[in-house]
Amino acid sequence: STRLTWRAFFCAMVALATLYGIRNRESSWGQTDVDNLFSLGEFTAIGEGSSNYSIWELAVFAVLGCIGGLIGACFNAASEHLTLWRIKHVNYCKKRRVLEVLLLSVLTSCVSFLMPRLWNRCTALPTDVQGWNNQQKELMAELLPFQCLSGKEYNEVASLYLVDADVAIRQLFHFRETGLTDAPTFSSAAIFLFFVPYISLACIVYGIGIPSGLLVPSLLTGASFGRLFGHLLHMLDHTSGTFADSGTYSLMGAAAIMAGFSRMTISVTVILLEATGNMQYVLPLMVTVMAARFTGNLFNEGIYDATIHIKHYPLLEQEVPGVAERHEIVAGQAMTSAVKCLRPVERVGVVYDLLRYTSHGNFPIIDTAVSSILYGTTSRSMLCTLLDRRAFCHDKDGYSSDRFLESKRLLPLVQWETIERQYPEYPTIETIELQPGDRQRWIDLRPYANTAPYTINETASIQRTYRLFRTLGLRFLCVTNHHNQLVGIITRKDLLPQSLWETVMRGRNAHLG
């Protein structure tokens, strides 16, 4: 929606402005130092007027994408098992979650320090940099002399583990050996010693109790994997320069691993195309991403989709579930018929107990004076606000609810301005205490009810119900019969594939019975 897009745009603007302010405070917030922001550098053409790859290499990029999709499928499967184990043994206790973060922090630090020490080999800094651009020369200054002679040597593994992630990614992208006579800045053994432990740590750490994601780990893991793949091709080619440079394969590897993890296509392509600053990579990126997505989908779903299902979030996919297409299901079969309802004028005690012993967010209001016709709906936050503001009156004359429906509205009424001021911190039922005698008083819900809720007939197909529910972004849908009498409610959970399959099985069992 336009409103959601505007909110996302505004949040991105505020986040970027905050980042600018923090990163550029040393310049008294004058001119912006863009070098302090996360950047993947700019890819330039190696040859004048020609691309950095051959057309026939698109098939090689597709193979790289398939391997990336396979790695992503293994990563997602392992992460899913770890998440299930973590939910069962860790997440229920806050102390265990903190302890897990501390232990994994120590483990990550130890691995990042021990791997460079185990490498224990020093590589001479490149001396022939005549054909290098400024970007490559700046990256050469970031190579770490860990246990080596400073200014003359560097530790290949330390230069991947102990630098910022964006620096490591740019080094893998832009030290671009062509496979002719160039000496590799990072050897295959060093990249392998980085790739395997790093992707293993990324799998273990994903899902712990800290705000972290997979974007940068997937980029760095994929860049190292792609560069390793490029080295292998150059060795098979006996350094004759048939294949593209290692930086190009590093970029394609990043695309393959990102798509293998997330199964996103357009977003990954756009992100990496922005990172390259070079339109010649559009088609290779598309081919690699599609190959990774198709391969990964043969085994499991994306990491984010799997997490949604593990957490049991009721996400409705764009397409109607297959079980609904294969079987004839109507709304009356999928709905929940045991509905908690209120009357237009209700006892305070009834409303209080309903809120106290249920967790529903909305409640239908039915007119019991007219054959239980659906009158409208009201939200939990509205009811709590009315109880907190004591919007009810004394039962002096012993009126019934049905007689109140024919009378004028009861006082006192809470103004809409008062209710809107409560947003978003509405009172909860736990903070509301009734005084002696309040339970027998009446509360008039008519001024606050939504008298035109979305409804659907019980004979409507489940396909129509699903599309109506998803298109309008509903949280619940009232199901009525031909006389507008409420017969049930449908929520998101009722439209999930598992719930629809249970509906089909119930229908079969009833038919057999």
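Me: Is Gln 147 buried, partly exposed or exposed, and what is its relative accessible area?
Reply: Buried means under 20% relative accessible area, exposed over 50%, and partly exposed lies in between (1.4 Å probe, protein chains only). Gln 147 is found in the loop between helix 4 and strand 2. Gln 147 is partly exposed, with a relative accessible area of 44%.

Me: What are the ground rules for the model and its numbering?
Reply: This is a predicted model, where local features need pLDDT of at least 70, side-chain atom pairs count only at pLDDT 80 or more, and totals for chains, interfaces and linings use all residues. Side-chain values use heavy atoms, leaving out hydrogens and water, and residues are numbered along each chain as its sequence is written, from 1.

Me: What is the phi of Gln 147?
Reply: Most residues other than glycine have a negative phi. Gln 147 is not a glycine, yet its phi is positive, at about 60 degrees.

Me: Where is Arg 390 found, and what is its phi?
Reply: Arg 390 is found in the loop between helix 16 and helix 17 (401-404). Helices here are DSSP runs (H or I, at least four residues), as are strands (E, at least two), numbered from the N terminus. Arg 390 is partly exposed, at 28% relative accessible area. Its phi is positive, in a residue other than glycine: near 55 degrees.

Me: Which residues does the disulfide join?
Reply: A disulfide is a pair of cysteine sulfur atoms within 2.5 Å. The structure holds one. With an S to S distance of 2.1 Å, it joins Cys 122 to Cys 148.

Me: How many residues apart in sequence are the parts that Cys 122 and Cys 148 tie together?
Reply: Cys 122 lies in the loop between helix 3 (94-119) and strand 1 (123-124). Cys 148 lies in the loop between helix 4 (134-140) and strand 2 (153-154), so the pair ties together parts that are apart in sequence by 26 residues.

Me: Is the link of Cys 122 and Cys 148 left-handed or right-handed?
Reply: Cys 122 is partly exposed at 35% relative accessible area, whereas Cys 148 counts as buried at 15%. The angle about the S-S bond is -95 degrees, and the link is left-handed.

Me: Which peptide bond is cis?
Reply: Most peptide bonds are trans. A cis bond has omega of about -5 degrees here. Its proline lies in the loop between helix 18 (416-421) and strand 6. The bond joins Tyr 423 and Pro 424.

Me: Which backbone nitrogen does the side chain of Ser 159 reach?
Reply: Ser 159 is found in helix 5 (residues 158-161) and is buried, with a relative accessible area of 0%. A polar contact is a pair of N or O atoms within 3.5 Å; within protein, one must be able to donate a hydrogen and the other to accept it, and residues adjacent in sequence count only if both atoms are side-chain atoms. A polar atom of the Ser 159 side chain lies 2.8 Å from the backbone oxygen of Asn 155. The nitrogen reached, at 2.9 Å, is that of Leu 144.

Me: Which backbone oxygen lies 2.8 Å from the side chain of Ser 262?
Reply: Ser 262 is found in helix 9 (residues 246-262). Ser 262 is buried, at 9% relative accessible area. A polar atom of its side chain lies 2.8 Å from the backbone oxygen of Met 258.

Me: Which elements do the buried residues of helix 15 pack against?
Reply: Buried residues of helix 15 (residues 348-357) include Val 348, Val 351 and Leu 355. Contact means heavy atoms within 4.5 Å. The buried residues pack against strand 3 (345-347), strand 4 (362-367), helix 16 (380-388) and strand 6 (442-444).
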